[in-house]
Amino acid sequence: MTAELGLAALWLAAALALLQLALAAMALAGREELLNGVRPVAVVQAVLALLAFAVLIRLFVVVDLSVELVALNDASTKPLLYRFAGAWGNHEGSMLMWVAILGLSGACVALLERRLPERTLVATLGTQAAIGLGFYAFLLFASNPFQRLVPAPAEGQGLNPLLQDPGLAFHPPTLYLGYVGLSIAFSFACGALLTRQVDAALARAMRPWVLGAWVFLTLGITAGSYWAYYELGWGGWWFWDPVENASLMPWLAATALLHSVAVLATRDSLRAWTVMLAVVAFSMSMIGTFLVRSGILTSVHAFAVDPRRGAFILVLLALYIGGALALFAARAGTVQEGRTFEPVSREGSLVANNLLLSAILGIVLVGTLYPLLAEAVTGEKLSVGPPYFNAAAGPLALLLVTIMVAGPLLRWRRDRLAALGRRVALPAGLALAALIALLVAAPGVRLLPLLGLVLAAGVALGSLAPLWGRNLRRTPMFTWGMVIGHLGVAVALAGMASESAFTRETLVALAPGQTAQVGPWRIRFDAVEPIAGPNWTALEATLQADRGGAPLLLKPQARFFPSPPTETSEAAIATRWDGQLYTVIGKGDEAGRWQLRLWWKPFVTLIWLGGALIAVGGVLSLLGRVRRERRAAERLAWL
Amino acid sequence: MKAKNQRLTLALLALAAIVGAALLAASALRDQAAYFYTPADARRLGVEPGRSVRLGGMVEGGSIRRSPDGVTIAFTVTDGQATVPVSFRGIVPDLFKERSGVVAEGHFTPTGSFVADTILAKHDERYMPPQVAGAMHESDSLDTDAKVRAK
């Protein structure tokens with residue numbers, strides 16, 4: 001019965017989405033008395049969608065094998081955490097999570113948003129319902145998660161062992177909260193275009209929602225990067241895999257949106273552009289969903305190839321993106337001209353930020369879609385890899401980071417270059433010092449990592465510069481947010497450049513008792529022993545790492561999972577303040593030797609620390625903005 | 001600056017940025033896209049040495065040689081019509097074995113042998129990337145052809 005309850009909740013949620021859309025349309029068409037009905041419907045719709053999702057999780061936890069999805073992806077031998085998180089470790093389950101979060105986003109807007117004019121809000125919730133409707137239809141007609149299986153098998157087929165990791169419990173929900181949270185900005189933009197209300201007030205209302213989604217997206221990407229880093233055992237932290245790109249593209253667009261929304265909210269410039277970016281950001285989320293969920297990609301995330309589903313999502317994409325762009329084209333002319341500004345100004349630097357982010361987005365999009373288009377048109381199989389992305393996007397990213405130093409130090413509306421020069425003198429000096437130090441101390445570092453390290457030094461100081469001469473206790477929380485967010489970029493950049501410039505790798509075959517050297521570490525290989533886990537067996541190596549001081553014990557494993565039969569490699573990673581020692585065990589040979597792959601990665605942890613700092617910056621900005629507006633509202637009420 | 005001019009300037013700037021990005025992307029793509037070859041393709045079309053490509057086919061029976069350092073292997077990739085000698089330094093995937101499909105990423109040397117940086121092999125039937133699956137499928141059918149011809 002439980003599965004049918006979930007299915008019923010899903011159908012009801014879809015029906016309510018239809019009702020929500022109809023109510024919103026009629027209210028906007030003149031039936032003003034219906035305006036108040038839209039918010040409650042949005043909330044109930046979300047409750048039903050979340051209920052359906054909760055039911056699916058319950059089915060996975062109790063391993064109800066009469067449900068096809070559970071039988072295909074779950075097994076009673078799995079630990080509880082992976083039975084729970086396994087609910088979204090498959091196509092149907094993750095689409096249900098997608099839709100549940102979409103409903104949740106709409107409900108949050110319905111419950112919390114008080115600044116938008118009521119008509120614009122209703123148009124926003126109507127747009128949200130229209131998106132929901134398409135994806136409910138996709139679930140119900142092409143990816144039903146509650147399909148029964150008769151007869152029920154005695155045991156399920158289990159979950160891809162690569163996904164059996166605590167990362168599965170955290171990474172997809174966080175990423176989806178960000179991904180789908182961007183639908184709010186999209187709906188705000190469409191709602192404002194429909195009711196012709198594109199102005200600074202719209203931006204002030206939109207900003208916290210964009211910040212919230214962006215924080216989750218940042219955390220999700222950072223977590224996913226670390227997960228891939230330790231789980232895949234290749235020692236890399238970013239592979240330019242299409243699925244990674246699918247999450248990076250909405251992030252790039254959302255980052256641009258975050259900055260243009262600031263211009264619109266503060267200075268009432270860039271009206272049409274901001275609305276356009278809000279549409280583009282969520283469009284990128286939907287394109288990402290299509291790439292990942294249609295199964296057309298080369299990647300571990302492509303669970304199955306099912307062209308029918310791909311076609312379904314493609315039609316939805318065309319409808320929503322095409323519809324929003326058509327709306328934009330029709331209404332862009334009615335968007336009032338915003339205020340003007342000089343090229344050398346805070347606005348000018350933010351325009352440069354937006355153009356560069358858009359250009360990087362374009363490069364990533366082309367590189368991700370090109371292999372698909374080439375194969376569709378010419379039948380030629382080809383892959384676009386890191387050399388392309390690094391060569392094309394790397395220089396633009398470094399330029400972007402350079403502008404990041406100057407931007408926060410410029411005044412709004414108009415500034416003088418000479419004055420800016422004085423303000424950036426100190427960060428520029430530090431960058432120069434870092435350049436000289438690097439050239440002397442570590443010659444032979446390649447150009448891109450070298451520039452990265454130099455810029456990281458400059459940006460680190462430059463990001464703190466807006467605090468100079470301020471009373472720190474009276475500095476608004478959102479200024480702290482910007483400072484910490486930008487500092488996070490410097491920290492992450494330093495980690496990336498350091499990893500790329502200073503990583504040492506050793507690949508050897510050792511017999512027990514022999515030693516190898518990697519960077520400053522001397523690694524002694526002690527033994528290999530078989531061990532058993534809850535649903536796997538493994539060969540575990542014992543390594544002793546020593547660079548003076550207390551030796552470290554590392555135990556990399558080669559794991560074997562019987563269901564489904566798969567071998568995975570579990571790297572053993574030791575974290576020190578100055579980097580990580582990363583060890584992987586390979587095959588044994590007849591002579592009793594074992595292959596070992598050892599890396600010393602100085603300061604690699606800064607990459608994810610930086611990502612976390614960027615997210616903290618976003619949270620501070622969000623809280624700071626909300627607090628300031630609440631104070632302003634209180635002052636107004638008091639008057 | 002007049003409002004109209006500003007909007008026009010910004011639009012032109014945006015256009016320039018997008019065209020610039022597209023040109024940059026196109027030129028980088030021409031250099032960097034890794035194409036997929038079977039040994040017969042490689043012999044027929046010729047691949048310039050040093051360009052990053054994917055080579056797919058079957059690992060020829062009895063061709064795997066392990067070098068004394070324990071981490072370098074040499075083997076031959078065949079598609080029934082042509083063969084390419086491949087060398088690889090690293091840990092091979094679990095399902096890499098003789099007479100089974102393989103996709104190697106790397107480059108050709110001037111002498112016509114192939115240096116692999118990465119070896120992709122079947123992980124598991126259910127989770128195979130489609131591109132690899134396609135290559136494997138081609139290799140498998142080639143295998144059948146080869147067997148038929150051998151008879």
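Visitor: How many residues of domain 2 of chain A are in contact with residues of domain 3 of chain A, and how many residues of domain 3 take part?

Guide: Before anything else, please keep in mind that this is a predicted model. Chain A is divided into domain 1 (1-164), domain 2 (198-415), domain 3 (425-503 + 610-639) and domain 4 (504-602). In the place you ask about, 17 residues of domain 2 of chain A are in contact with 24 residues of domain 3 of chain A, and the centres of these two domains, taken over C-alpha atoms, are separated by 21 Å. On the side of domain 2 that touches domain 3, α8 (200-231) and α13 (386-406) of chain A each supply at least two residues, and the largest share, 9 residues, comes from α8(A). Sorted by class, this side of domain 2 has 11 nonpolar, 5 polar and 1 charged residues.

With that contact in mind, we can follow the chain through some of its loops. The UniProt record, an unreviewed entry, carries the annotation "domain: Cytochrome c assembly protein" for residues 88-294 of chain A. D268(A) is found in the loop between α9 (242-267) and α10 (271-293) of chain A, and its phi is near 60 degrees, a positive value in a residue other than glycine. Because D268(A) has 16 C-beta neighbours inside 10 Å, it counts as partly exposed. The loop between α6 (118-142) and α7 (167-194) of chain A holds P151(A), and a cis peptide bond with omega of about -5 degrees joins V150(A) and P151(A).

Finally, let us turn to the strands. An open sheet is formed by 4 strands of chain A in the order β2-β11-β10-β9, with antiparallel pairing. At its edges stand β2 (504-510) and β9 (572-576) of chain A, each with a single partner strand, so one side of each is left without a neighbour in the sheet. Neighbouring strands of this sheet are turned by 15 degrees against each other on average, with direction ignored. Within it, strand β10 (residues 579-588) and strand β11 (residues 594-602) of chain A pair in the antiparallel sense over 8 bridges, and Q580(A) stands opposite K601(A) in β11(A).

Strand β7 (residues 557-562) of chain A pairs with strand β5 (residues 537-546) of chain A in the antiparallel sense over 4 bridges, and the bridge partner of E540(A) in β7(A) is Q557(A). Strand β7(A) is also joined by 6 bridges to strand β8 (residues 565-570) of chain A, and these two run antiparallel. A hairpin through 2 residues links β7(A) to β8(A), and R559(A) stands opposite T568(A) in β8(A).

How values were computed: Residues are numbered from 1 along each chain as its sequence is written. Chains are lettered from A and ligands numbered from 1 in the order in which they are written. This is a predicted model: local features need pLDDT of at least 70, side-chain atom pairs count only at pLDDT 80 or more; totals for chains, interfaces and linings use all residues. Two strands pair if DSSP finds at least two bridges between them. UniProt positions are given in the numbering used here, feature names are shortened, and annotations may be inferred rather than shown by experiment. Domain bounds come from an automatic or database domain assignment. Two residues are in contact if their C-beta atoms, placed from the backbone, lie within 7 Å. Ala, Val, Leu, Ile, Met, Phe, Trp, Tyr, Cys and Pro count as nonpolar, Asp, Glu, Lys and Arg as charged, and the others, Gly among them, as polar. A residue is buried if 20 or more other C-beta atoms lie within 10 Å of its own, exposed if 12 or fewer, and partly exposed in between; C-beta atoms are placed from the backbone. Axes are lines fitted to C-alpha atoms, for helices over the stretch in contact, and angles run from 0 to 180 degrees between N-to-C directions.
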